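Student: I have a structure open and would like to learn how to read it. Please take me through a few features.

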Amino acid sequence: MNIYEELHWRGLVADCTDAMVVVSGGKVPNDDSGLSHRQNITLYCGFDPTADSLHVGNLVPLLALRRFQLLGHHPIAVAGGATGSIGDPSGKTAERQLLTKEILERNIASVKVQLAKLLDFDTKQNPARLVDNASWTAGLSYLDFLRDIGKHFSVNQMVAKESVRARMEDRETGISYTEFSYMLLQAFDFMVLCRDHNCELQIGGSDQWGNITAGIELTRKKLGKPVYGLTLPLITNADGTKFGKTEAGAVWLDAKRTSVYKFYQFWINTDDRDVLRYLKYFTFLAQDEIASLEKQHAENPGGRVAHKALAKAATDLIHGPNATTEAIRASEILFGGELKGIAESTFNEIVGEVPTKEIEKAKLDGAGIPLVELLVHAGLCPSKGQARKDVEGGGVNINNVREASFQRAVTSGDLLFGKHVLLRKGKKNYVVVTAK
């Protein structure tokens, strides 16, 4: 497969310039000049540091850079120190809040670490490069930029771009001159990267098409060179909701903002209608592997084999196999998995996922507290009488071990990590009792 065919079968092509198109996509070039026929394209994608972490919505273009690299091409990731200070109006219904220089610098440092984890900067054949567009804009004066770059842009053409037109039609919100100028900065990036790094292709989300074509035109006018563009689809869930959002907010790549357990759960909870698409979008599994998962999913949706494969592959990619293993163990705890040998950090992942109840640690000393009393205290049973019936019926577990004796007492010896007791009634009713 060439890179276009790879992206096409995954459903990752939204728009592209003619020179990118091959047989699998529609129009056929008159000769073999199309970039998809070559094995050494230099391409770039920009990532504005609007936060101190990328989120799962950034993965489609970021993984696309990696897909290009795996097929022999030369990827450049651009950290937007300059463009990030302005704010891209694309896909936004209101003006962004400008970030301070200090926040931008902190965000860039964090984002660079994440970019470096997903691209290979050490290979001798086609190493990835990481650059910051502030490095070629910082010394440029406003007047020089207007004369050398702004002169090549028609306001008529800029107003016609979807990202600008939509905002201008909203009289209450409108668009500032600052964000209106964003297109010029991104076009300038493409020209500089073509000039200095022989970059021929820019990729991005489908909302970037106007910015990309602006860069294509500027590069042609300033350098006399043809460059190309390819956009990837903006992902939405089957129910029409925005991809990458949960009740708790965005799903981040930084484990300090979204824990590995919650990251894994995000993928496990993918809608059945989306799971096969997302296997293509967010993993590097091959066609035959995904076809096998599709077959298993169709035959036994309840087995959630495709969901587990998606969650494991995505979590492995971002956090590594060891962290994924711990996330899987934490998930299994809530399905009755064994607690023996589990790390405290893994157990702590689930503490925030189930109801918790505090108890005085002194009550667990010595003979401890009767189990039936603790079940009532935890809110799992309305009365001691009902608690006794539940225990005798085999429906109560202490630290995921079934307890059949209603006379059982819970003592400090039952505490996990000297702090917690995990109580379960039935299959899904959990409470973590924390001794303080």
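Student: Which residue forms a salt bridge with Asp52?

Tutor: Some background comes before the answer. This is a predicted model, in which local features need pLDDT of at least 70, side-chain atom pairs count only at pLDDT 80 or more, and totals for chains, interfaces and linings use all residues. Residues are numbered from 1 along each chain as its sequence is written, and side-chain values use heavy atoms, with hydrogens and water left out. Side chains of opposite charge can pair when their charged atoms come close. A salt bridge here is a side-chain nitrogen of Lys or Arg within 4 Å of a carboxyl oxygen of Asp or Glu. Asp52 pairs with Arg257, and their closest N and O atoms are 2.5 Å apart. The two are 205 residues apart, so the pair links distant parts of the chain.

Student: How many salt bridges does the whole structure have?

Tutor: The search finds 16.

Student: How do I describe helices α2 and α12?

Tutor: Two packed helices are described by the angle between their axes and the distance between the axes. Helices are DSSP runs (H or I, at least four residues), and axes are lines fitted to C-alpha atoms over the stretch in contact, with angles from 0 to 180 degrees between N-to-C directions. The axes of α2 (residues 59-70) and α12 (residues 275-282) come within 9 Å and cross at roughly 50°.
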